[in-house]
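Look at the structure below. This report goes through strands, cores and rings in turn.

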Amino acid sequence: MLVILLAVCSVALLAAGVLRAADYLADRKNGLADGGVIAVEYGTGSADPLDYIDQAAAQVRVKDDQKIDTHKLGDQKITFIVSKKGLFGTSEKEFTRVFTVSDTKAPVITAAGTDLARAVNDVLGLQDLIICSDPADGELTYSDTLSPGTWTGISDADMGKAGTYTVQVRAMDSNGNTAEAALNLRVAGDPSDRNSFYIKVNRAANTVTIYEKKADGTAGTPLKAMVCSTGPATPLGTYNTFNRSAWRSLFGGVYGQYATDITGDILFHSVPYYSASKNNLEYLEYNKLGTAASMGCVRLCVRDAKWIFENCAIGTTVEFYDDAEEPGPLRKPEPITIDTASADRGWDPTDPDPQNPWN
């Protein structure tokens, strides 16, 4: 009789141990109650199920080392094993919980630099000025119309007149979360003032960056980036422009558009032409933009050479330096290439001339 009584008591205590282990999960305040659902943020939540529970009251482990796929939307079942020591050994019980992965965070809209600014008479180019990123999708793509995974913007800016304007930005991630922001945009510069702009030429990266010139004569806010080609004779140091001409005869019997003198024989100018004719471009040289390809001048596409020619007054400061790792604060633009089999290959695709067949 005593043996039977002890056996009954042992079973009861063992059962109580199992129930207490079950109570451990049922009593948690973190969503692990029976039938509860645990929310996990898409792309940023932890993949370890144990990070979502408090293990102070009992030993808990994940069956078969299951993980949460934080890049998969929807419900995922994870099985826990709870262990608890009792008077007659350790009891264990399995509990399956549902983890729901969802994307609830809206995209973040920020300016690419510390100051949202553009040079006067430049193309607005919002995609170069604004970054819209999402915790789940990463950087969103600019589009003229808003759709999942994109952002768009409109502005009241008059790019021909310096001043402060507004940019309205809307962004939508791939899961439908949206964000809106109104950002201030400064249009900066005066083409008649040699103190409006400061130009930096990164020889190692073949990039030109136009800055707003500060009152102390140094480079201020970056406004515009250009891809260029420099060469072995391109100098280091700081100079001031001193002359310019719409066409210039260059070394080797070729010609350049929109030449601006920097120092000695070093110029800003277009990629060379075989003759002083807009349809006679050295197209093979054009496709080298972004790499070292000149004798020493700074080659640019016509659009960029023309902008410097028309907007950077004589006396504008030009600084040459080397930094292969960092092209510039506005990054290095992608160079345009010409299809060498095209009948229009003699024209620079960026030339605004109305006779340009690329336009």
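## Terms and model

A residue is buried if its relative accessible area is under 20%, exposed if over 50%, and partly exposed in between (1.4 Å probe, protein chains only). This is a predicted model: local features need pLDDT of at least 70, side-chain atom pairs count only at pLDDT 80 or more, and totals for chains, interfaces and linings use all residues. Residues are numbered from 1 along each chain as its sequence is written, and side-chain values use heavy atoms, with hydrogens and water left out.

## An open sheet

Strands here are DSSP E runs of at least two residues, helices are H or I runs of at least four, and both are numbered from the N terminus. Two strands pair if DSSP finds at least two bridges between them.

Five strands form an open sheet with mixed pairing, in the order 6-12-11-10-9. Strand 6 (117-119) and strand 9 (141-142) each have a single partner strand, so one side of each is left without a neighbour in the sheet. Strand 10 (residues 150-155) and strand 11 (residues 163-172) pair in the antiparallel sense over six bridges. Thr150 has Met172 in strand 11 as its bridge partner.

## Strand 14 and its partners

Six of the seven residues in strand 14 (residues 207-213) are buried. Strand 14 pairs with strand 13 (residues 197-202) in the antiparallel sense, over six bridges. Four residues lie between them in a hairpin, and Asn206 in the turn has a positive phi of about 50°.

Strand 14 also pairs with strand 15 (residues 219-227), again antiparallel over six bridges. Here Val208 has Met226 as its bridge partner. This hairpin has five residues between its strands, with Gly217 in the turn at a positive phi of about 90°.

## Nonpolar cores

A nonpolar core is a set of buried Ala, Val, Leu, Ile, Met, Phe, Trp, Tyr and Cys residues joined through side-chain atoms within 4.5 Å. The largest has 37 residues; Val208 and Ile308 are among those with the most contacts inside it. Helix 4 (residues 302-311) gives the largest share of this core, five residues. Another core, of 15 residues, lies apart from it and includes Tyr52 and Phe80.

## Aromatic rings

Rings of Phe, Tyr and Trp (its six-membered ring) pair if their centres lie within 6.5 Å; planes under 30 degrees apart count as stacked, over 60 as edge-to-face and the rest as tilted. The structure holds seven aromatic pairs. Tyr142 and Trp151 have ring centres 4.8 Å apart and planes at 70°, so the pair is edge-to-face. Trp151 is buried, at 2% relative accessible area, whereas Tyr142 is partly exposed at 27%.
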